[in-house]
Amino acid sequence: MVNRILFTFYLLSVSISAQELLVKFSQDALYKSGATPATVSEFLATKSNGVTVDQIKMVAANAVGTPLENMWHIRLPSKRAADKLLTVLQQEKNIQYIQANHVFRIEQTVINDSLFEQQWGLAAVHANEAWERETGRSNILLAVIDTGIDYRHPDLAGQIWLNSGEDTNNNGEVDSLDFNGIDDDGNGYIDDIRGWDFTDAPRFIDSGDYNERDNDPDDEHGHGTLVSGIIAAKSGNKIGIAGLAPGCRIMNLRAGTSLGYLEEDDVAAAIVYAVKNGARVINMSFGDLVVSPMLRDVIRYAYENGVVLVASSGNSAVDVLHYPSGFAETISVGATQENGSLAGFSNFGATVDVVAPGSGIWSTKKGGTYSLFDGTSAAAPFVTALAGLLLSMDDEMDAEVVRHIITSSAEDLGDEKWDQFFAAGQIHCAAALRVLDPPIAELLQPGMDTGTSDEHVPVLGTAAALQIEKFVLSYGMGSNPVSWTTLASVAGKIVVEDTLFLWDTTNLADTSYTVRLQVSDQDANWVEDKIRVFIDRSPPQVSQISAEPMIDGDHRSALLTVSADDECTATLFWRENSPGTSFEKIQLDYETNFHQYNFSELMANGQPVQYYFELKNKAGLQTIVDNSGLFYPLSFEPVPVNTWQFEKTETSVGVGLLFDKLTDFDADGYSEVITSEYDSRGSIGALKIYEWQPDSGFVARFSTEKLAIPRDVGDTDGDGLYELLIGAGAVSRIFEESPENVWQPELSWENDQNFWAARFSDLDKDAQPEIIARVDDEWQVWEFVANNKFAAVASLPNPTAGGNTSGVPHAEIADYDGDGRQEIL
């Protein structure tokens, strides 16, 4: 069976890592002799007002001289502790910035397709012709930051970078002698002979390697293996597929769990590792609409160190800015279909640079097989591979030159030159390898997505070519202009990092504009660069400010909201409502026109407070939202809760994930509760059953040895004995009560083949419930057959554009349309 898989990465809610903070200290904040976890802990102890810290560690080892120097990862025991520490540290002048540890995850849609088709993508980018000139050199390292790579795959074995500094016996192979527990090359990573696993996500428990960073970047999800096959799968070996740059080597940097979750600090550490260990290109098939200071800084660091950065434009079929592909330093890649049209899922617009094949792309699949792959995640590796071919021809080529060769040689699929759907066009590898000296068009000022209120705006940049014909500077309204107004058309003149034109904006309306620089040479080669800039002569105008009372866990809070007509940053100022108290400052995370902040009563010890906001738009104009100098009052009144029918009772049941059904395994009339208790770090742990006893309360009756999450109870084999369905990541099990001892249930069934059980349900009304589960990427129904065995009896293909494969599966069974038959939601 051939699987067709559509992948994209997007940012998960920050609240998922609400217990983890990333802190960037100034150079003088810590001991000049060098910070250690102990000195950071000592520093925090003097500032944290008694907050307990679970763990302190550097975001990346060997980070001196990088944006991650003095960047520390702090894990706290609870969200409350994190909120409290965040509030304190935001006032600390020796901290450059502090943020929550954002989380990325992958989303995928699966379509079954039994047809095997040739690699149309290679033909579309003219690979055969390009290979006559270059197939790649093994010294050109192409880093893939992803979910890891199946390095045992027959089409990838030998294609992955081997760190010679850790090859202790110098045999050019990975063997047991290389894993000696010593950092042989002194790069801060022990035994990183085949790359590194940066995944450190104890809050995302699964059945794989999610908890600690280590030297085994194996792929437990599959996305990274698919990406890597497109780049450099082995060619000429009579099996499988051929990568576009089979002579280059892939640097394997895992940053994602088996469920596809990637924490931002892991991604940042992988970027720094790639730069410091010789990667020339970094492939990033992930992204989102928001950007953090840390990701921005490490992207700039990589670019300034000459690394070519390639990123997928996103799979949302929109023209909004998307990061990291929206950064000026990256090459943003959209996706095309075999018929030459833009893929229906592909993002487009001003920040996309080129397109590449991204639908029905044959690639390597985890486990040694192959599958079809769809998405801008599949398109980006074509560009990464082309960059590798160019650098193989000239390993001293500048990263910006690589970009301009790729864009100037692209093949038009839409309007001539650049258009909003296909950007510069689809990459043409053979044409790119023929370009010796491409024109260069680079806008330096104003910067991407900046604003101005000035009437005369200098536009600085570079317009150059070996035999320049002309450069044209123009602008249009909005992010994707339908028409352009020429500012300057200059023939035969080269400008290098200097003023191209003084733009008179006096008569232009306040809105966003796209500025475009086009450069052509006498051989009809052309390139262009674009930036979006905001003209804004008025400060942000506030349209809403409110405070909504909430219950947040076991305490009260208020959701503070302020919205304005401009995209702007927001700073919250607050103080306890008493004379002489100074205001404390909280910088909100994002630049948007709608800001919210959850203000906990714990921040002010339950006392009434006053607050106001300061808003600053892209032009730097400010608005103080302070209720005409009276400030806004906020108090935490008791929340009205009807408590007359409840009585608080302390129990011995530990804090954990509580199963939503009561059971009575021993049929004694006393109910049991089932829970997966949290460990000391707040992570889900072992499953426990507690039975209620009138005289002694809840008594522990049963516990699993390892992590287990209750899914359902029932009797699938009809023998009258209770069965407990549990899950642990991609493994599902059934424990059945023993006739001899009800509290020693026996393991009666297990499926560890990526089987995610959701629940029991008697769909066929035979009094023996079936298992509803997600297997790989498809929902299925499994029925008991005999001798503790189950068989699949139905499959449920996904008819929607949504994803199936990330996260714990849930299913609800009901007669939703009233026809007497049950449906599965």
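This is a predicted model: local features need pLDDT of at least 70, side-chain atom pairs count only at pLDDT 80 or more; totals for chains, interfaces and linings use all residues.
Let me begin with the boundary between domain 1 and domain 2, where the count of salt bridges is zero.

Which elements give two or more residues to the side of domain 1 that touches domain 2? They are the strands β2 (20–25), β3 (55–58), β4 (71–75) and β5 (95–100), and the residues on that side divide into twelve nonpolar, five polar and three charged. The area buried between domain 1 and domain 2 comes to about 1,500 Å², with carbon and sulfur atoms giving 56% of that area.

To place this in the whole chain, the protein is divided into domain 1 (20–100), domain 2 (116–433), domain 3 (440–535), domain 4 (547–634) and domain 5 (656–824). The contact between domain 1 and domain 2 takes 20 residues from each of them, while their C-alpha centres lie 32 Å apart.

Is E736 buried or exposed? Its relative accessibility is 11%, and because buried means under 20%, E736 counts as buried. Leaving aside neighbours within four places in sequence, E736 is in contact with D717, D719, L721, Y722, E723, P745, E746 and S748. As for L747, it stands eleven residues from E736 along the chain, and the C-alpha atoms of the two are separated by 6.4 Å.

How values were computed: Residues are numbered from 1 along each chain as its sequence is written. Side-chain values use heavy atoms; hydrogens and water are left out. Domain bounds come from an automatic or database domain assignment. Contact means heavy atoms within 4.5 Å. Buried area is the accessible area (1.4 Å probe) that two parts lose on being put together, summed over both. A salt bridge is a side-chain nitrogen of Lys or Arg within 4 Å of a carboxyl oxygen of Asp or Glu. Helices (H or I, at least four residues) and strands (E, at least two) are DSSP runs, numbered from the N terminus. Ala, Val, Leu, Ile, Met, Phe, Trp, Tyr, Cys and Pro count as nonpolar, Asp, Glu, Lys and Arg as charged, and the others, Gly among them, as polar. Buried means under 20% relative accessible area, exposed over 50%, partly exposed in between (1.4 Å probe, protein chains only).
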